[in-house]
Amino acid sequence: MTEAADTGVFPGKQADRSVPLSRGLSAKLLLLTIAFVLFAEVLFFLPSVASFRIRWLEERLATAAAVATILVQGDPTTLSRAAQNDVLAAIGAKAIAVRDGGVSRLLVVADMPPEVDEHIDIAKEGVLDSMPDAINTLLFGGNRMLRVYGRVGESAKEFELVIPDYRLHRAMLANARYIVFVSLLISLFTAALVYAAIDRIMIKPIRTMTRSMLTFSDAPDNPAGVIVPEARSDEIGLAERELAAMQTHLQRMLHEQKHLADLGLAVSKINHDMRNILASAQLMSDRLRMVKDPAVQAFAPKLLRTLDRAVAYSENVLSYGRAQEPAPARRRLRLSQLVDDVHGLLGLEPESGIEFFNAVDTEFEIEADPDQLFRVLTNLCRNAVQAMAGAADSAIVNRLTVYAEREGSVSRILVADTGPGLPQKARENLFAAFRGSARSGGTGLGLAIAYELVRAHGGQLELVESAGGRTVFAVTIPDQPVRLDEARQGMRRPA
């Protein structure tokens, strides 16, 4: 057995018990938050660029409209070339015109370009529709000529503006850089806030649970390894509480398994010598048959049957917890005689103050394994006797009664006593080994073994009543089903 196997850790897996920061949930959460915020900003970037382009053109057209209105009131031909150039340079345009009543007048012009690359009706420019043109201007603009026209304000006139797009291109680039810079700041700030919140709410509790699981896996029997859940009502709190419950339950199971292992080791040490002692007792008991005393002759068969059962139990004493009980060898029994054998094994003396009543009809028959059913009734009756043995008042009625009933093909054996009843803890863990004991120092193995044997018969062991000075256990065993092929073979056999 290698060292890795002894410590319960697979070879090469020790390094996986700690996660590097770059591969941790915190780093992934931070990067994902930044990426998602940037992606959202990109989705808003395109409409923002298109809206900026429309606003910029509207502002230039509004300025041109104001200049054109003044010029229309006077005589634009009186403006010198230098004045016209100054007006156009201030706006950044090549020409300004106005259309009124279907007549277009060129008010100011300088270096009129031979052609216009794009005509823009400002009234029809929508944000979504102009996004392709805005991206085109942002990426490839700077040397194009634009004709922008439309109405401004409440004016009935339509104004026109011929303007190069290099200023628009520079303004859009500056605006784009600003948007990217702000988006990056927003994404980093948002990611930091989200990271801090999620790290406090989720990541740290998950780290705590992970450390608890690793600590618990290293030393499952250490109570300090059980996580202490926080007082939270969300999913993390539920997960912590369930993990704590699972670790506690697992510790209890490991303790029980260790108890079983220790019990099996201790029993195995005495099993060899016990068989020798029982064998010697059998030899000496055989000589009792030679004694002619009627009392001895009546007592000897019961003693021999008890010793035979003890030898058989010694041979299979380690079966519980390590191997399955053998399948029941069912026979048709007279239950009343089996109950008498159980009574004889209990050794109830008159001075014990405990009355035993065998209320089973002498003709009542049941299909069961005689040895296993004897063990079941012995465990139930011995528990009842031990429960009633502590009564100090002689006026208290201590009575153990065994009776049976049949309904169709189902037999029901009831073991009733007038003891103090089972405590709440014993009822909650009735058929669990080491947890269902009703008395201090008990192991609870008796009921657990009885339950297993009854289930092997296809039956059920249940607590019917345990209150008001009366405790009743019921053993329900159905008859064996008749197989049609075996019945036909039996009918064909010659007498």
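1. T378 sits in helix 9. Is this residue buried or exposed? T378 is buried, with a relative accessible area of 5%; buried means under 20% relative accessible area, exposed over 50%, and partly exposed in between (1.4 Å probe, protein chains only).

2. Before going further, a word on what you are looking at. This is a predicted model, in which local features need pLDDT of at least 70 and side-chain atom pairs count only at pLDDT 80 or more, while totals for chains, interfaces and linings use all residues. Residues are numbered from 1 along each chain as its sequence is written, and side-chain values use heavy atoms, with hydrogens and water left out.

3. Now the overall picture. The protein chain holds twelve helices and twelve strands; these are DSSP runs numbered from the N terminus, with helices being H or I of at least four residues and strands E of at least two. Of its 495 residues, 34% are buried. Among contacts in the chain with a separation of 6 or more, 68% are between residues 24 or more positions apart.

4. Back to helix 9 (residues 370-388) and its partner, helix 8 (residues 335-346): their axes come within 9 Å and cross at roughly 50°. Axes here are lines fitted to C-alpha atoms, for helices over the stretch in contact, and angles run from 0 to 180 degrees between N-to-C directions. Helix 8 and helix 9 are therefore oblique to each other, since angles under 35 degrees count as roughly parallel, over 145 as roughly antiparallel, 65 to 115 as roughly perpendicular and the rest as oblique. On the helix 8 side, the residues in contact include V342 and L345, and on the helix 9 side they include F374 and T378. The residues of this contact divide into twelve nonpolar, one polar and two charged (Ala, Val, Leu, Ile, Met, Phe, Trp, Tyr, Cys and Pro count as nonpolar, Asp, Glu, Lys and Arg as charged, and the others, Gly among them, as polar).

5. Helix 9 also packs with helix 11 (residues 445-456), at an angle of about 150° and with the axes 9 Å apart. Helix 9 contributes Q372, R375, V376, N379, L380 and N383, and helix 11 contributes G446, L447, I449, A450, L453 and V454. This contact has seven nonpolar, four polar and one charged residue.

6. How are helix 4 and helix 5 oriented to each other? Helix 4 (residues 131-140) and helix 5 (residues 166-218) pack at about 95°, with axes 8 Å apart, and they are therefore roughly perpendicular. A134, T137 and L138 of helix 4 meet L168, H169, M172, L173 and A176 of helix 5. Six of the residues in this contact are nonpolar, two are polar and none is charged.

7. An unreviewed UniProt entry annotates residues 29-50 and 178-198 as "transmembrane region"; such annotations may be inferred rather than shown by experiment. In the model, residues 29-50 are 100% helix and 0% strand, with end C-alpha atoms 32 Å apart. Residues 178-198 are likewise 100% helix and 0% strand, with end C-alpha atoms 30 Å apart.

8. Finally, have a look at L128, in the loop between strand 3 (118-121) and helix 4. L128 is exposed, with a relative accessible area of 62%. L128 and P47 are 81 residues apart in sequence and 6.7 Å apart in space, C-alpha to C-alpha.

How values were computed
Contact means heavy atoms within 4.5 Å.
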